[in-house]
Amino acid sequence: MPEPSRFDIAAKDENLDRLVAWIEDFCQRYTSAEPFEMHMQLSAEELFLNEVNHVDSQQRKTDRVRFALWPQPEGVVLVMETDGPPFDPFSDAPEPDVDASVEDRAIGGLGLKLVRETATKSAYCRINDCNRISLVFGHGNIP
């Protein structure tokens with residue numbers, strides 16, 4: 001498996017543009033990732049902003065969020081790691097009621113639903129006091 005491209009960034013919303021630029025650059029270098037660029041950006045933005053907006057900085061050991069992109073022959077794997085409190089977005093986040101009207105719908109969960117639906121595979125694990133979220137776009141294995 002090729003070496004991943006890694007990106008370590010402070011958990012601050014003003015860094016979102018840097019994250020998006022990193023994904024764009026990766027997709028220009030790896031044509032297998034290019035068809036999934038929009039889905040990767042959407043997922044990375046959602047996960048990053050959830051970390052920035054919903055995790056109190058006092059709950060983290062550092063203010064860093066670490067990303068990795070693993071090129072695959074027919075896709076790409078996106079991995080995000082944080083040292084915040086345990087949170088599995090695939091089982092701990094509320095499932096949004098998409099059938100409810102906008103006025104009646106509870107806030108939260110819709111972005112993570114989109115993340116789950118745009119990825120081919122997704123996984124969460126807790127390793128060394130860190131949350132690791134892995135998303136496969138296209139075909140590939142979670143490292």
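## Chain layout

Read along the sequence, the chain follows the pattern β-α-α-β-β-α-β-β. That gives three helices and five strands. Helices (H or I, at least four residues) and strands (E, at least two) are DSSP runs, numbered from the N terminus.

The model is predicted: local features need pLDDT of at least 70, side-chain atom pairs count only at pLDDT 80 or more, and totals for chains, interfaces and linings use all residues. Residues are numbered from 1 along each chain as its sequence is written, and side-chain values use heavy atoms, with hydrogens and water left out.

Of the 143 residues in the protein chain, 45% are buried. Buried means under 20% relative accessible area, exposed means over 50%, and partly exposed lies in between (1.4 Å probe, protein chains only).

## The sheet

The five strands form an open sheet in the order β1-β2-β3-β5-β4, with antiparallel pairing. β1 and β4 are the edge strands, and each pairs on one side only. On average, neighbouring strands of this sheet are turned by 15° against each other, direction ignored. Axes here are lines fitted to C-alpha atoms, for helices over the stretch in contact, and angles run from 0 to 180 degrees between N-to-C directions. Two strands count as paired if DSSP finds at least two bridges between them.

## Strands β2 and β3

β2 covers residues 64-72 and runs antiparallel to β3, joined by eight bridges. The two strands form a hairpin with one residue between them. A68 has V79 of β3 as its bridge partner. V79 also has a bridge partner in β5, namely S134.

How much of β3 is buried? Eight of its nine residues are, so β3 is largely enclosed by the rest of the structure.

## Strand β5 and its neighbours

β5 spans residues 130-139, and eight of its 10 residues are buried, so this strand too is largely enclosed by the rest of the structure. With β3 (residues 74-82), β5 pairs in the antiparallel sense over nine bridges. Along this pairing, V76 stands opposite F137 in β5. L78 has L135 of β5 as its bridge partner.

β4 takes up residues 121-127 and runs antiparallel to β5, with seven bridges joining them. One of the bridge pairs is I127 with C130 of β5.

## The β4-β5 turn

Two residues separate the strands of the β4 and β5 hairpin. N128 sits in the loop between β4 and β5, and D129 lies in the loop between β4 and β5 as well.

N128 is not a glycine, yet has a positive phi of about 50°. D129 is not a glycine either, and has a positive phi of about 65°. N128 counts as exposed because its relative accessibility is 69%. D129, at 44% relative accessibility, counts as partly exposed.

## Helix α2

α2 runs over residues 37-54 and has 18 residues. From its first C-alpha to its last, the helix reaches 25 Å, close to the 26 Å expected at 1.5 Å a residue. The expected span is 1.5 Å times one less than the number of residues. Which residues of α2 are buried? They are M40, Q41, S43, A44, L47, F48, E51 and V52.

## The second largest pocket

The second largest pocket holds about 160 Å³ of space. A pocket is found on a 1 Å grid over the protein atoms alone, as an open set of points with protein on both sides within 12 Å along at least five of seven lines; lining residues have an atom within 4 Å of a point. Grid points are joined across faces, edges and corners, and a volume is the space filled by probe spheres set on the points.

The lining consists of R6, F7, D8, R66, F67, A68, W70, V79, E81, R132 and P143. β1 (5-10), β2 and β3 are the elements that give two or more residues to this lining. β2 gives the largest share, four residues. By type, the lining divides into six nonpolar, no polar and five charged residues. Ala, Val, Leu, Ile, Met, Phe, Trp, Tyr, Cys and Pro count as nonpolar, Asp, Glu, Lys and Arg as charged, and the others, Gly among them, as polar.

Note on methods:
On a 1 Å grid over the protein atoms alone, a cavity is a set of points where a 1.4 Å probe fits but cannot get out, and a pocket is an open set with protein on both sides within 12 Å along at least five of seven lines; lining residues have an atom within 4 Å of a point.
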